[in-house]
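Please keep the structure in view while going through the numbered points.

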Amino acid sequence: MNVQDFLTDDDVLQGRPTTWLSEPAQSGRPLTMSVARTSGAVRGEMIVRRTLTRFAVLAFLLLLAAPVAAEAQQAESRRIGLLETSSPSPARVQLWDIFRQRLRELGYLEGQNVAFESRFGEGEPDRLPRLAAELVGLNVDVIVTSGTPATKAAKQATRTIPIVMAQLADPVGAGLIASLGRPGGNVTGLTTQDGDLSGKRLGLILEVVPKVTRLALLVDETNPGTVLIARGTEVAARLAGVHLQSLGVRGPGELDRVFSAMKKGRAGALIVESSSMLFPWRARLAELALKNGLPTMFAQREYAEAGGFMAYAADFPDLFRRAATFVDKILKGAKPADLPVEQPTKYDFVINLKTAKALGLTVPPPLLLQADKVID
C-alpha cells in the first residue's frame, strides 16, 4: 500500500498529521517514522507543482496583456505643434533640430512616443492665424512658437492648449503673459530680452564708429515685438546724444526704398532690430548695407554670418534647447501658468572682419577680445 494515496494536497501543505499505525513497517520500525519522511517529500513536491502552475498562469496572463500594454503605450504618444514665424530656411530648421534633439535626450522618440506637426509662416504674419488653427484642429498636446507673431496667433487660436515660446522679445509688453515670474494663462517659455539689449547694441557699434552722430534704425512693422524693441533703441540713442532715423518696412520689397532714405538722411551706421520676416533676407540686407557704406548691428548672429558687420543677441540655440525642457515639464503635468518665463543665460557677440575690411573699419582689439566669434 502506498501511503501517498491517503494524503491530500491540503494535508501536506497545511502540515496536518499524516501517520498511519494499523500496519507495521517491514523494518519493524513504527510506520509513523517512514510516513513522516514521505510526507516531507510529498509536501515539497506539491509546493513545486503549485509554484510551476502559478508561473504558467502568470506567463499566460502576461501574453494576453502584452497587446493591451502596447496599445496603451501608443495611446500615450504625444503630438507637438511647431509654429515658426519665419521660413524653413536651413538656419531656422537647425534651431528646431536642436529642440528635437533635446527632446530625444529626455526620452521622446519620434515615431514611437512623439510626433511633430510643423508650420512655417514664411515671414507672412497674415498666414499664422490659419496655421495656428490647423494645429489646434489636430488636437496637439502643446504648441511651441518662435517669434511674437506666431505666439500671438497661437494664443488667439486657443486658451487651453499649452504654448511654449522658444524665443520672444517682450512677452509682457506684447500682452501674452502677466509677468515673467507668474505668466498666468496658457503661455510660458523663454524671452530674448531684446528690449534690454538695445543700449548694449548701440554702445558696441559706437565703439567702432565713435564719431557717427546719425544712425538709421530698421524696424519690421509687421512684428509687434520688433516695434517694442525699437522704443528701447530710441531711448538709448537719446541718452547717447545720437540722432536716430527710424524706418519701418512691411516686406522685403521695401528694402531698396528704405536704404535710399538712409542715404538721404546721411546715416553713418545701421541697426536692424530682430525680425523673423527679414530673416530670410539677411544676405540681401548685408549686401545693401555694404553697398551704401553702412556698418551694421544686428539682433541675431546669423545676420553677421551672412555678411553683416556685427551682431549681439541671446544665444538662440540655447533658448531652443531649453524650450524642450518646458515641453517635458508640461507633458508630465505642469501648468504653463505655474512655470516662470526664463531669460537668456548665454549671449552671442559676432564680428565679421571681412565686412569691416570692406568698409575700411578698424575694430579695437579689446572689442575683438569680447567677441564670441570673429569671422575672418
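Predicted model: local features only at pLDDT ≥ 70, side-chain atom pairs only at ≥ 80, totals over all residues.

1. Sorted by class, the contact of H8 with H9 contains 5 nonpolar and 2 charged residues, with no polar ones.

2. Two packed helices are described by the angle between their axes and the distance between the axes. For helix H6 (residues 194-208) and helix H7 (residues 224-240), the angle is about 40 degrees and the axes are 8 Å apart. That angle makes H6 oblique to H7. The crossing of H6 and H7 is right-handed.

3. On the H6 side of this contact stand Asp194, Gly195, Ser198, Gly199, Leu202 and Leu206; they meet Ile229, Gly232, Thr233, Ala236, Ala237 and Ala240 of H7. The contact of H6 with H7 comprises 6 nonpolar, 5 polar and 1 charged residues.

4. The protein as a whole has 13 helices and 12 strands. Of its 376 residues, 48% count as buried. Among contacts between residues at least 6 apart in sequence, 69% join residues at least 24 apart.

5. The aromatic residues deserve a separate point. Rings of Phe, Tyr and Trp are paired if their centres lie within 6.5 Å, and by this rule the count comes to 6 aromatic pairs. One of them joins tryptophan 96 and phenylalanine 99, with 5.8 Å from centre to centre and 85 degrees between the planes, an edge-to-face arrangement. Why are these two residues separated by about one helical turn? Tryptophan 96 and phenylalanine 99 are 3 residues apart in helix H3 (residues 90-105), and therefore about one turn of the helix separates them. Tryptophan 96 and phenylalanine 99 are both buried. Together with Phe320, Trp96 and Phe99 form one aromatic cluster.

6. Tyrosine 312 and phenylalanine 349 form another edge-to-face pair, at 6.0 Å centre to centre and with 70 degrees between the planes. Tyrosine 312 and phenylalanine 349 are both buried.

7. Most residues other than glycine have a negative phi. Glutamine 193, although not a glycine, has a positive phi of about 60 degrees. Glutamine 193 is located in the loop between strand S5 (187-189) and H6. Arginine 266 is likewise not a glycine and has a positive phi of about 55 degrees; its place is in the loop between H8 and strand S8 (269-272).

8. Are these two residues buried or exposed? A residue is buried under 20% relative accessible area and exposed over 50%. Glutamine 193, at 16% relative accessibility, therefore counts as buried. Arginine 266, at 58%, therefore counts as exposed.

9. Alanine 216 lies in strand S6 (residues 214-220). With a relative accessible area of 0%, alanine 216 is buried. Leaving out residues up to four places away in sequence, alanine 216 touches Leu244, Gln245, Met262, Ala267, Ala269, Leu270 and Ile271. Alanine 216 and leucine 247 are 31 residues apart in sequence, yet 7.3 Å apart in space from C-alpha to C-alpha.

10. Asparagine 186 is placed in the loop between strand S4 (163-167) and S5. Its relative accessible area is 4%, so asparagine 186 is buried. Beyond its neighbours within four places in sequence, asparagine 186 is in contact with several residues, including Lys155, Thr158, Arg159 and Pro336. How far apart are the C-alpha atoms of asparagine 186 and isoleucine 161? They are separated by 6.7 Å, while the two residues are 25 residues apart along the chain.

Methods
Residues numbered from 1 in each chain as written. Heavy atoms only, no water. Axes fitted to C-alpha atoms, helices over the stretch in contact; angles between N-to-C directions. Helix = DSSP H or I, 4+ residues; strand = E, 2+ residues; numbered from the N terminus. Parallel < 35°, antiparallel > 145°, perpendicular 65-115°, else oblique. Left-handed = near helix turned anticlockwise from the far one by under 90°. Contact = heavy atoms within 4.5 Å. Nonpolar A, V, L, I, M, F, W, Y, C, P; charged D, E, K, R; others polar. Phe/Tyr/Trp six-rings, centres within 6.5 Å; stacked < 30°, edge-to-face > 60°. Buried < 20%, exposed > 50% of the residue type's maximum accessible area, 1.4 Å probe, protein only.
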